[in-house]
Amino acid sequence: MPTALRICPLCEATCGLTLTLDGPRVTSARGDRDDVFSRGFICPKGASFGELDADPDRLRVPLVRGADGTLRETGWQEAFDLVARRLPPLVQRHGADAVGVVLGNPNVHTMAGALYPPLLLGALRTRSLFTASTLDQMPKHVSSGLMFGDAFAIPVPDLDRTDHLLLIGANPLDSNGSLCTAPDFPGRLKALRRRGGTLTVVDPRRTRTARLADRHVAIRPGADAALLAALVHVLYEEGLADPGPLAEHVEGVDDVRRAVAEFTPEAVAGACDVDAGTIRTLARELAAAPTAAVYGRVGGSTVAHGTLTNWLVDVLNVLTGNLDRPGGAMFPLSATTPAPRPPGPGKGFALGRWASRVSGHPEAKGELPMAALAEEIETPGEGRIRALVAIAANPVLSAPDGDRLDRALGELDFMVSVDPYLNETSRHADVILPPPPPAQSAHFDFAFNNFAVRNQVRHTPAPVPLEAGRMDECEIHARLILAATGLHGADPAAVDDTAIARTLAKAVTEPHSPAYGQDPDAYAAGLTGRTGAERRLDLMLRLGPYGLTLDRLLAHPHGIDLGPLKPRVPQVLRTRSGRVELLPEPIAADLPRLRTTLAAPGDALVLVGRRHLRSNNSWMHNLPSLNRGTNTCTLQVHPEDAARLGLTDGEPARVKAEGGELQAPVEVTDTVRRGVVSLPHGWGHDRPGTRTAVASKRPGVNVNQLLDGTRLDPLSGTAVLNGFPVEVSPAHDDRL
């Protein structure tokens, strides 16, 4: 049977796949052994590519809501006609901010999701933007923006060369990595151990990653920032703080010393439930290692001090001399990053340029907290969100208090979803525009190459021709932009042509650009590509730091290796000072809040989430091969807590918090520490009106329903999904 290559779009590892085809059908998927980055690695998600591609519940044609309130199948023309008839008048009557835009996690896994939402936002001119980032990674964007002047200047651990890796709230053996694109993350960690390196994992759960580690520190959830502040304190106290050659590019070293003066190991030990001796050992080992990197992820981001945690991760990387050096934490250089500008001061990064209408939440990176979406729809008054464009998003499951958001979505005047499924959120839409299966789409990782542990570039054209009646995802986005902005009927190619023209108009005026001084029309005429998206990719490659072209990339179907990460400071810095600003003012202002947590916590149970190797949030639960095995929605409880609370393995427990309560089967296990229970994220597929048969048979419960949306990290607006107090009892116990 014939085969074709495709980069896997199902998680951040971006592994290369070899698909076996039977006509338009994908019969199997295996790792591409010749892929320059993944070298044949594959996980259960990638192996299920064919099953995902052929899922019978995927929508094939648009749905529109009829006069009777029900959704029915229709053609593309009618669907876009309805958007054009309903959405622009709402903007004219109520203003641009009356249209909310919600971007979900899968957007960054497609070419269309990376290229077109920024154009939609620019055309709508709305400030009502909500994304999955405030349910996950926004603290890292904020800390990087404040320290380096660029919210996307995110250092990643140089996994293949480091001697010591400290992981905070990360479980890459199940997640495959996040904000650290690394195919075969498990193999890379095992290679670290084989070459004599040290792996330390800080996590309240003994995850698969923790079991691989030299040391597992079972911290109390939510205390990550206090622990890291104590590590920084030890570096200063014992004369171990030394930024090395980076020192000339850093300011605020003495300011940080004063800021962490109270965070002694003894002072934080109770709050962290980690003894002072262990804290000192962690700091000394980090400083003594020939090279080292500190890396934190979801467990350290979706907590009350998420931004402080992420800031302290890089403070440690700086003070141990490991930021921007081989084997430490380094800044990748993607092939589509604009050609580097000369070093020097930049515009910097600002928080709170505007605020949400109801609760006054400050924006971060142009986004408002997803937790605020429901109130922005429900609350009357000027600026109320009356229409919503949701692209690959299911916030009814992923955001706090999904019941409230579910009700709020029913109050909208109009809603559009770009989604392959009729799910818990898209069921409210007036128009659903389904993209084709991934085998019918080309792929390039615009987002994840910026976080890759090795510089490389890969592009795979669509392995299977577009099926009759389907519309290419890029064309769907282009037509949506035209329909939403009163240009319905125009040639969708005009969207890409305008984007190319605007990019070139700027590029030809910048001396560092490869297009500097050239005729933009002639430059644009030389671009190749069968589609507007490919022409834009070709332009970005040509304007990028490696001088590549789309033709050259297509001539290397397994990718082009661009080499290991290289030091990039001061070139990467865009702060107003042109230096790494080690103690930005918003961080300093938030530290007193952290100091209030140093008192030892009480005996309350706290809840943490978890992810499974076989799923990626809610959108992986409709495949039989992935919705089984260990991928189950259970409440994990330590044996001693289970005995104390009267819980029985396999029997239901009632869990209650400020947002509501739910019931879930108990899984008694010592992989969670005492005082902690765990429920996975992304479940709760039991609402009516959806079309996800497999997920609905094993719906699980929505852990985020325990939250009312008031718990946020104030700097980033990120929902606190981990480390919040809960009450647990047997389901038959009526005391709660």
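This is a predicted model: local features need pLDDT of at least 70, side-chain atom pairs count only at pLDDT 80 or more; totals for chains, interfaces and linings use all residues.
## Strand β9 and its partners

How is β9 joined to β10 and to β13? Five bridges link β9 to β10, and these strands run parallel. Within this pair, Leu166 stands opposite Thr200 of β10. The link from β9 to β13 has four bridges and is also parallel. Here Leu167 has Tyr295 of β13 as its bridge partner.

Is β9 mostly covered or mostly open? Five of its five residues are buried, so β9 is mostly covered. Burial applies to both faces of β9: on one side are His164, Leu166 and Ile168, and on the other are Leu165 and Leu167.

## The seven-stranded sheet

Another open sheet has seven strands, in the order β5-β4-β17-β16-β15-β6-β7, and its pairing is mixed. Its edges are β5 (71–73) and β7 (129–131); each of these has a single partner strand, so one side of each is left without a neighbour in the sheet. Neighbouring strands of this sheet are turned against each other by 15° on average, direction ignored.

One of the pairings in the model is between β6 (residues 99–103) and β15 (residues 387–391), which are parallel and share five bridges. In this pair, Leu103 has Ile391 of β15 as its bridge partner.

Helix α6 (residues 138–148) and helix α15 (residues 306–319) have axes that come within 8 Å and cross at roughly 50°. That angle makes α6 oblique to α15, because an angle counts as roughly parallel under 35 degrees and as roughly perpendicular from 65 to 115. The crossing is right-handed.

Which residues of α6 and α15 make the contact? From α6 come Pro139, Lys140, Val142, Ser143, Met147 and Phe148. From α15 come Gly306, Thr307, Asn310, Trp311, Val313, Asp314 and Val315. By type, the residues of this contact divide into seven nonpolar, four polar and two charged.

Ala241 is in the loop between α10 (224–237) and β12 (250–251). Its relative accessibility is 26%, so Ala241 counts as partly exposed, since that class lies between the 20% limit for buried and the 50% limit for exposed. Setting aside neighbours within four places in sequence, Ala241 is in contact with Leu235, Tyr236 and Leu319. Ala241 and Glu424 are 183 residues apart in sequence, and their C-alpha atoms are 50 Å apart in space.

Thr692 is in the loop between β27 (676–678) and α26 (693–697). Is Thr692 buried or exposed? With a relative accessible area of 8%, Thr692 is buried. Again leaving aside neighbours within four places in sequence, Thr692 is in contact with Asp57, Tyr421, Leu422 and Asn622.

## Backbone exceptions

Most residues other than glycine have a negative phi, and most peptide bonds are trans. Arg39 is not a glycine, yet has a positive phi of about 55°. Arg39 is in the loop between β3 (25–31) and α1 (44–47), and its relative accessibility of 55% makes it count as exposed. Asp184 also has a positive phi, near 55°. Asp184 is in the loop between α7 (172–175) and α8, and at 26% relative accessibility it counts as partly exposed.

Where is there a cis peptide bond? One joins Val569 and Pro570, with omega about 15°. Pro570 is in the loop between β21 (560–563) and β22 (580–581).

Methods. Residues are numbered from 1 along each chain as its sequence is written. Side-chain values use heavy atoms; hydrogens and water are left out. Axes are lines fitted to C-alpha atoms, for helices over the stretch in contact, and angles run from 0 to 180 degrees between N-to-C directions. Helices (H or I, at least four residues) and strands (E, at least two) are DSSP runs, numbered from the N terminus. Angles under 35 degrees count as roughly parallel, over 145 as roughly antiparallel, 65 to 115 as roughly perpendicular and the rest as oblique. A crossing is left-handed if the near helix is turned anticlockwise from the far one by less than a right angle, and right-handed if clockwise. Contact means heavy atoms within 4.5 Å. Ala, Val, Leu, Ile, Met, Phe, Trp, Tyr, Cys and Pro count as nonpolar, Asp, Glu, Lys and Arg as charged, and the others, Gly among them, as polar. Buried means under 20% relative accessible area, exposed over 50%, partly exposed in between (1.4 Å probe, protein chains only). Two strands pair if DSSP finds at least two bridges between them.
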